[in-house]
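Could you walk me through this structure in the viewer, one selection at a time? I'd like to know what to click on next and what I'll find there.

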Amino acid sequence: MLIKTRGIVLNFIKFRESSIIARVYTEQLGVQSYIVNSVRKKGPGSRIALFQPFTLLDMVVYTSPKGGLTRISEYKCAHPFSSIPFDIRKSSMLLFLSEVVSRTVKEEEENQSLFHFLYQAIVAFDEMGEGFENFHLVFLLQLSHHLGFGPTSGKEIVEQVAFSANAQSATAAPTVLALQAYEEYFDMLLHDAARATIPNGRVRRELLAVLVRYYQLHVDKLGEIKSLSILSEVLAE
């Protein structure tokens, strides 16, 4: 059976000589994996750019009652990016966030609220001309609510991270007292993101590290986010 749906590309792996297996978060079917043939051809016929992380697609896809790998009948870009590919800060943020989403969103079922949040956030991010320095922090906080473990205050984040770390290492772990300085920033990002003021890149990186740890506490087998180090370098200033 064929179904028309929007999709958000999460990632892909190479398959055979010129094909890929793409993981796509779809509006109608949740996370699905599709074999896409002949997209890695060299030259003008290549369409691999349409399967980069967080590309937004309009698709017609095959479905199977048995699940598993299926194929895409038709696909096209739903929202060509106007700024993300040309700004290394934006492209690094998007790569990082797509990795987080790929590791946390796994349900093969419809979730309109989550899909609309992701889709609208990506479009809004592409359209931002300035003032997007805190976008990844706000995105992670809002995503956590859709995933069912969203915090209500900065204190909640700090205490969970600090106490968890202290339980693992009594000597090297950060204490609640050491992390309390971040509570105010998290509260602003949670409740008044548009006016949140983070003083510099160092604080922004530290807030991100705390948020990643917070996710690791709540998402089973989340593991290391490999693109975090790249994003940290790009946003060093």
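Start by selecting lysine 155 and glutamate 159 in helix H4, which covers residues 154–168. Because the two are four residues apart in that helix, about one helical turn separates them. Keep in mind that this is a predicted model. Show the side chains and you'll see a salt bridge between lysine 155 and glutamate 159, with the closest N and O atoms 4.0 Å apart.

Now jump to helix H7, residues 201–218, and pick arginine 202 and glutamate 206. This pair is again four residues apart, about one turn of the helix. Their salt bridge has its closest N and O atoms 3.1 Å apart. Arginine 202 is partly exposed at 44% relative accessibility, and glutamate 206 is partly exposed at 25%.

For a salt bridge of another kind, select arginine 6 and glutamate 27. Their side chains meet with 2.9 Å from N to O. What does this pair tie together? Arginine 6 sits in strand S1 and glutamate 27 in the loop between S2 and S3, so the bridge links parts that are 21 residues apart in sequence. Arginine 6 is partly exposed, with 25% relative accessibility. Glutamate 27, on the other hand, is buried, since its relative accessible area is 11% and the cut-off for buried is under 20%. The total for the model comes to five salt bridges.

How many strands make up the closed barrel, and in what order do they run? There are five, in the order S1-S2-S3-S5-S4, and the pairing is mixed. From one strand to the next, the twist averages 50°. Zoom in on S1 (residues 2–15) and S4 (residues 56–62), which pair in the antiparallel sense over seven bridges. For a landmark, click leucine 2: its bridge partner in S4 is tyrosine 62. Helix H2, residues 112–127, packs on the sheet and touches S1, S2 (19–26) and S4. The direction of H2 makes about 70° with that of S1.

While H2 is on screen, select phenylalanine 125, which lies in this helix. Buried or exposed? Phenylalanine 125 is buried, because its relative accessibility is 0%. Show what surrounds its side chain: beyond neighbours within four places in sequence, phenylalanine 125 is in contact with Ser83, Ile84, Lys90, Met93, Leu94, Phe132 and Phe135.

Next come two loop residues with backbone angles to look at. Click arginine 16, in the loop between S1 and S2. Its phi is positive, about 55°, although arginine 16 is not a glycine. Arginine 16 is exposed, because its relative accessible area is 68% and the exposed class starts over 50%. Then move to phenylalanine 54, in the loop between S3 (30–36) and S4. Phenylalanine 54 also has a positive phi, near 70°, in a residue other than glycine. This one is buried, with a relative accessible area of 1%.

For the last stop, display helices H3 and H6 (residues 183–191) together. Their axes come within 9 Å and cross at roughly 70°, which means H3 is roughly perpendicular to H6. The crossing is right-handed. Which side chains meet there? From H3 come Leu137, Val138, Leu141 and His145, and from H6 come Phe186, Leu189 and Leu190.

Before you leave H3 (residues 135–147), click serine 144, which lies in this helix. Serine 144 is buried, with a relative accessible area of 1%. Leaving out residues up to four places away in sequence, serine 144 touches Phe149, Gly150, Pro151 and Tyr215.

Key. Residues are numbered from 1 along each chain as its sequence is written. This is a predicted model: local features need pLDDT of at least 70, side-chain atom pairs count only at pLDDT 80 or more; totals for chains, interfaces and linings use all residues. Side-chain values use heavy atoms; hydrogens and water are left out. Buried means under 20% relative accessible area, exposed over 50%, partly exposed in between (1.4 Å probe, protein chains only). Contact means heavy atoms within 4.5 Å. Two strands pair if DSSP finds at least two bridges between them. Axes are lines fitted to C-alpha atoms, for helices over the stretch in contact, and angles run from 0 to 180 degrees between N-to-C directions. Angles under 35 degrees count as roughly parallel, over 145 as roughly antiparallel, 65 to 115 as roughly perpendicular and the rest as oblique. A crossing is left-handed if the near helix is turned anticlockwise from the far one by less than a right angle, and right-handed if clockwise.
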